[in-house]
Amino acid sequence: MKSRSQDQSLSDSRELDRSYDPLTGNPPSKPIKKTIKQRLLKLLPCYPSASSASSNQRNTSEDAEPSTVSYRPEGLDRLVQRTDFSKKELQVLYRGFKNECPSGVVNEETFKSIYGQFFPQGDSSMYAHFLFDAFDTNNIGSVSFEDFVVSLSVILRGSIADKLNWAFNLYDLNKDGCITREEMTDIMHSIYDMMGRCTYPDMTDTAPKEHVDSFFQKMDRNNDGVVTVDEFLETCQKDENIMQSMRMFDSVI
């Protein structure tokens with residue numbers, strides 16, 4: 001005769017099996033989504049830190065009533081139209097933003113400081129600079145909540161074309177409509193600097209150049225030395241690995 005604890009263990013095992021993906025080997029999806037969400041939100045310097053989480057638990061809980069959030073209705077309604085987030089999702093995002101940044105904006109140095117915490121083994125400052133510029137769509141040296149959620153909506157909920165256009169804009173450093181070898185070299189060096197030497201297999205000093213060469217061999221269809229947005233979109237949409245990465249963050253919030 002089975003004991004109560006044995007029955008509970010069997011029940012827990014079956015519950016895990018129902019959420020486990022036997023094809024991909026992925027663990028339960030709900031915890032993954034929460035982790036990805038938290039990491040994305042923490043890219044923003046205004047997201048509450050672990051040290052402040054307990055003191056602000058009532059205000060920052062995702063299950064809190066939307067009525068507790070201080071947000072102008074007209075602004076919220078406008079953002080619902082501009083993004084693919086619901087009102088409650090925007091309120092949750094705004095709560096974390098406003099609690100730590102009452103001014104409603106984030107400057108680049110603060111952004112770099114927080115982003116660097118995710119890559120202690122390397123130097124993420126240059127990549128964070130490029131990423132900040134992509135969020136700072138008005139080119140004013142600061143990122144507002146509106147800037148943040150509009151870009152986040154594209155990254156998480158946008159169409160494949162929207163996501164690829166956002167990525168192209170990130171790589172197009174001077175925003176002239178094409179990606180040069182110099183720009184891609186800067187991007188690749190910033191990524192390798194960010195990862196540090198803690199990579200497997202060990203990277204070589206020529207690795208960034210090799211990646212740039214590979215990028216242009218794939219993307220530069222007419223061999224004119226630059227990659228246009230049309231070349232970028234066409235090549236990416238034919239690459240299944242890139243398409244899978246574009247779909248990875250679908251509806252994680």
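How many residues apart do Lys-112 and Glu-109 lie in helix α7? The legends below take up this pair and other close-up views.

The model is predicted, with local features requiring pLDDT of at least 70 and side-chain atom pairs counted only at pLDDT 80 or more, while totals for chains, interfaces and linings use all residues. Residues are numbered from 1 along each chain as its sequence is written, and side-chain values use heavy atoms, with hydrogens and water left out.

**View 1. Lys-112 and Glu-109 within helix α7 (residues 108–115).** These two residues are three apart, about one turn of the helix (helices being DSSP runs of H or I of at least four residues, numbered from the N terminus). They form a salt bridge whose closest N and O atoms are 3.9 Å apart, a salt bridge being a side-chain nitrogen of Lys or Arg within 4 Å of a carboxyl oxygen of Asp or Glu. Lys-112 is partly exposed at 22% relative accessibility, whereas Glu-109 is exposed at 56% (buried means under 20% relative accessible area, exposed over 50% and partly exposed in between, with a 1.4 Å probe and protein chains only). Glu-108 joins Glu-109 and Lys-112 in a network of salt bridges, and the structure holds nine salt bridges.

**View 2. The salt bridge between Asp-77 and Lys-87.** The side chains of Asp-77 and Lys-87 meet at 3.1 Å, N to O. Because Asp-77 lies in helix α5 (residues 73–82) and Lys-87 in helix α6 (residues 87–100), the pair ties together parts that are 10 residues apart in sequence. Asp-77 is partly exposed at 35% relative accessibility, and Lys-87 is partly exposed with a relative accessible area of 43%.

**View 3. The crossing of helix α11 (residues 181–195) and helix α12 (residues 207–219).** The axes of α11 and α12 come within 9 Å and cross at roughly 135 degrees (axes are lines fitted to C-alpha atoms, for helices over the stretch in contact, and angles run from 0 to 180 degrees between N-to-C directions). That angle makes α11 oblique to α12, since angles under 35 degrees count as roughly parallel, over 145 as roughly antiparallel, 65 to 115 as roughly perpendicular and the rest as oblique. Residues in contact, meaning heavy atoms within 4.5 Å, include Met-188 and Tyr-192 in α11, and Phe-215 and Phe-216 in α12.

**View 4. Asp-213 and Lys-209 in helix α12.** Asp-213 forms a salt bridge with Lys-209, the closest N and O atoms being 2.9 Å apart. The two residues are four apart in α12 and are therefore separated by about one helical turn. Asp-213 is partly exposed at 28% relative accessibility, while Lys-209 is exposed at 56%.
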